[in-house]
Amino acid sequence: MLQIKDFDKDFKTRLYNLVGEIENNTATEAVVMIKQSSGHYFIYSLAAAGMFFVVLLTYFMLSPIEYDPYLMYTFSFFASVILLVALTFIPDFQRIIIPKKIRQKNTEIHARAVFQKAGMYKTVNNSAFLVYYSLKEKEVCFLPDFGISLLMEDSAIREIEKILKKPFESAAPKEEILKALKDIIPVLAKYLPSKGKEVNELPDDLDIDL
């Protein structure tokens, strides 16, 4: 799985340059954040391991084959612990048991919290937007301020969201994130064309800890 540590200095430089390109070609203030996770899901792993333990132990007890009671319990317990560890520390495996709606909800909650805490709503023309990638959830949230939402059609916003989701469908998500950000420029520029040199109201390397 892609880790936050995989985004090295070279990638960050290219990302900030691309953010600058977005802002130079549109009348927007862009912020892109990539986070490792937007939620805690140990309870899901614990519940799945517990259910597995019950099912496995029930199978042993109802099986026509006679098993030693000590063996039944010991095997069921350690098999469940191994499953719990796998679900906890292997995100691709854990994601199977986490409902997509929960992953989407947590990603959006964190994105909105970042937008609020960073004061992104304070730009002069309310023209800021946040692209928030959450690696563990494999979700992305595109959060435009109301100044952008008023000028853009809903279909255009959905198109941007579709473009931004493509990296998680790729075998090379790092490069695809950059490509996706570049691909949304024409969509933004259609509704928010550049007005020339403007003051950069938000730092390109904005980072917020929640």
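**Close-up views of aromatic pairs and a β hairpin**

**View 1. Aromatic pairing of phenylalanine 7 with phenylalanine 11.** In this predicted model, the structure holds 10 aromatic pairs. In the pair formed by phenylalanine 7 and phenylalanine 11, the ring centres lie 4.8 Å apart and the ring planes meet at 65 degrees, so the arrangement is edge-to-face, given that planes over 60 degrees apart are counted in that class. Both phenylalanine 7 and phenylalanine 11 are buried.

**View 2. The tilted pair of tyrosine 41 and tyrosine 44.** The centres of the two rings are 6.3 Å apart and their planes stand at 50 degrees, so the pair of tyrosine 41 and tyrosine 44 is classed as tilted. Tyrosine 41 is buried, with a relative accessible area of 2%, whereas tyrosine 44 is partly exposed, with a relative accessible area of 27%.

**View 3. An aromatic cluster.** One aromatic cluster is formed by Phe53, Tyr73, Phe77 and Phe78.

**View 4. The hairpin of strands β2 and β3.** Strand β2, which spans residues 128-134, pairs with β3 in the antiparallel sense over six bridges, and serine 134 is found opposite glutamate 139 of β3. Four residues lie between the two strands of this hairpin, in which lysine 138 adopts a positive phi near 55 degrees.

**View 5. Burial of strand β3.** Strand β3 covers residues 139-144, and six of its six residues are buried, so the strand is largely enclosed by the rest of the structure. Glu139, Cys141 and Leu143 point one way from β3, while Val140, Phe142 and Pro144 point the other way, and all of these residues are buried.

Conventions:
Residues numbered from 1 in each chain as written. Predicted model: local features only at pLDDT ≥ 70, side-chain atom pairs only at ≥ 80, totals over all residues. Heavy atoms only, no water. Phe/Tyr/Trp six-rings, centres within 6.5 Å; stacked < 30°, edge-to-face > 60°. Buried < 20%, exposed > 50% of the residue type's maximum accessible area, 1.4 Å probe, protein only. Pairing = 2+ DSSP bridges.
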